[in-house]
Protein chains: 2
Amino acid sequence: MEGSSDMTDVTIFGAGNMGSAIAGILTDGGSTVEHITTSSKDPAVSGDIVILAVPYAAFNDIIARYGAQLAGKIVVDITNPLDFSTFSLIVPPGSSAAAELAGKLPASRVLKAFNTNFAATLASKTIGSQPVTVLVAGDDAVAKSALAGAVAAGGVTVIDAGPLARARELEAVAYLQMNLAVAEKIGWAGGLSVVK
Amino acid sequence: MEGSSDMTDVTIFGAGNMGSAIAGILTDGGSTVEHITTSSKDPAVSGDIVILAVPYAAFNDIIARYGAQLAGKIVVDITNPLDFSTFSLIVPPGSSAAAELAGKLPASRVLKAFNTNFAATLASKTIGSQPVTVLVAGDDAVAKSALAGAVAAGGVTVIDAGPLARARELEAVAYLQMNLAVAEKIGWAGGLSVVK
C-alpha cells in the first residue's frame, strides 16, 4: 500500500528477534527508533507509532504501566496469542489478540502487523527467493498509511489486509505457519509468502 | 509429504474451475477421474478418493443423496464456507467446513485440501514464479498419504498441515486470500505461497 513517508518516531516495546528486525527496517527507512524493555524505568513513550514486540501475555502489564501514554497513538500488535506449553490459541474463537488489545486501549489506534512474518524474514527482508511482504490490518486508514510509509521507506512491501477484524485471519495464518515450522515442514526463514 | 502412489480411482463432485484443475493434476499423475455433477443421475460413486469440489451450500444435498456410498471412503473437502452475498464466513467461529462435514459423515475419512489454492494456480501448477503447494489436513494418516501420493504423482508438492482441526486455519488463510483478491491487492493467480 502507499503510505506517508515523513520521518517517524517509533517506540518498540521489546528488543528480541522481532523487535530488532522491525527496528532494522524502520531505521533503514529513516525512522528514529527507541526500545522499551522490562529493564526500562517507565520512561515516557516518545514514538507516534508504538510497536508491541512482546509476548501477548505481557500486554496487561504494559497497559497498566503505559496505557494512559498510548492514548491517541498508533499501537501495533504483532503477537500470536499462544500458550507455548500446549501450543494452543488463548483468545476466544472469533476474536484475536488485536481485538482484545483494541478493547483495552479504546483511545489508541490499534493495528495488526508483522505477525505473519517470521523474524528471520524481516531481518533479511526476504522469504525464500522473494521480497518479504508485511500485511497490515486496522480500522484507521491514516494510521495504516503512517505505518506503511515507515515500513516501505525501509524497503519492505506492505499490503493493506483490511479492517482490524482481519486480524483473526492474520493470526490464523501465523498459527498455521508456526505449526508447520514446529513440525519441520517448513523452516523458520520460510512461511506463507504473499504472491501478487 | 510422501505418499503412496499406486494408480487411484477418484470421483470429483463438480466440474467447475477447481474440479477441473484438480482433475488435471490427478490425471497427469495416472489417476482415473470421474466427475459427478448436478445433471448426473445418482450414479454409483466409484472412486476410493472422493473430492467435493462444490460450494459448501451443496454439501447437505450431496450427503442426503450419496452419504451412504461415502462410508469408508476418503472424502476431501476443498470448500471455503462463505456467504458470497455478504462475503462472510458461515460456519461457527472455532469450527470449519471440514469439521462440520466430518460430523455429518462419521463413517468417512474426511480430509481438507486444495482450499488454499486458487484454481488458476492448480491449473498451472505454479503460483507466481514458484511451484504451487497443496496443504492437506486430516486425522487419518493413511488417507492423507493416499491423497498426497495421487497429487504428487501429478507433479504438485503436498505438505501435511496436521490434524483436521487445522482446517480452521486453512479456511482462514483462504478467506484472507480471497479478501485480498477481491480488494485487488493480489490477483486470482496469486495468493499465499508456501516457502520452505
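**Exercise 1.** How much area do chain A and chain B bury between them, and what share of it is on carbon and sulfur atoms?

*Solution.* Start with the ground rules. This is a predicted model, in which local features need pLDDT of at least 70 and side-chain atom pairs count only at pLDDT 80 or more, while totals for chains, interfaces and linings use all residues. Residues are numbered from 1 along each chain as its sequence is written, chains are lettered from A in the order in which they are written, and side-chain values use heavy atoms, with hydrogens and water left out.

Step 1: define the term. Buried area is the accessible area (1.4 Å probe) that two parts lose on being put together, summed over both.

Step 2: read the value. Chains A and B bury about 2600 Å² between them, with 68% of it on carbon and sulfur atoms.

Step 3: find the main suppliers. Leu176(A), Lys185(A) and Val195(A) give 21% of the area that chain A buries against chain B, more than any other three residues.

**Exercise 2.** Describe the contact between the two chains.

*Solution.* Step 1: count residues. Chain A brings 31 residues to the contact (heavy atoms within 4.5 Å), and chain B brings 31 residues.

Step 1: count polar contacts. A polar contact is a pair of N or O atoms within 3.5 Å; within protein, one must be able to donate a hydrogen and the other to accept it, and residues adjacent in sequence count only if both atoms are side-chain atoms. Seven residue pairs between chain A and chain B qualify, both residues at pLDDT 80 or more.

Step 2: locate the elements. Helices (H or I, at least four residues) and strands (E, at least two) are DSSP runs, numbered from the N terminus. On the side of chain A that touches chain B, β11 (157-162), α6 (167-182) and β12 (191-195) each give two or more residues. The largest share, nine residues, comes from α6(A).

**Exercise 3.** In which sense do β12(A) and β12(B) pair, and over how many bridges?

*Solution.* Strands of a sheet pair through backbone hydrogen bonds, either parallel or antiparallel.

Step 1: apply the test. Two strands pair if DSSP finds at least two bridges between them. β12(A) and β12(B), residues 191-195 of chain B, pair in the antiparallel sense over five bridges.

Step 2: check one bridge. Gly191(A) has Val195(B) as its bridge partner in β12(B).
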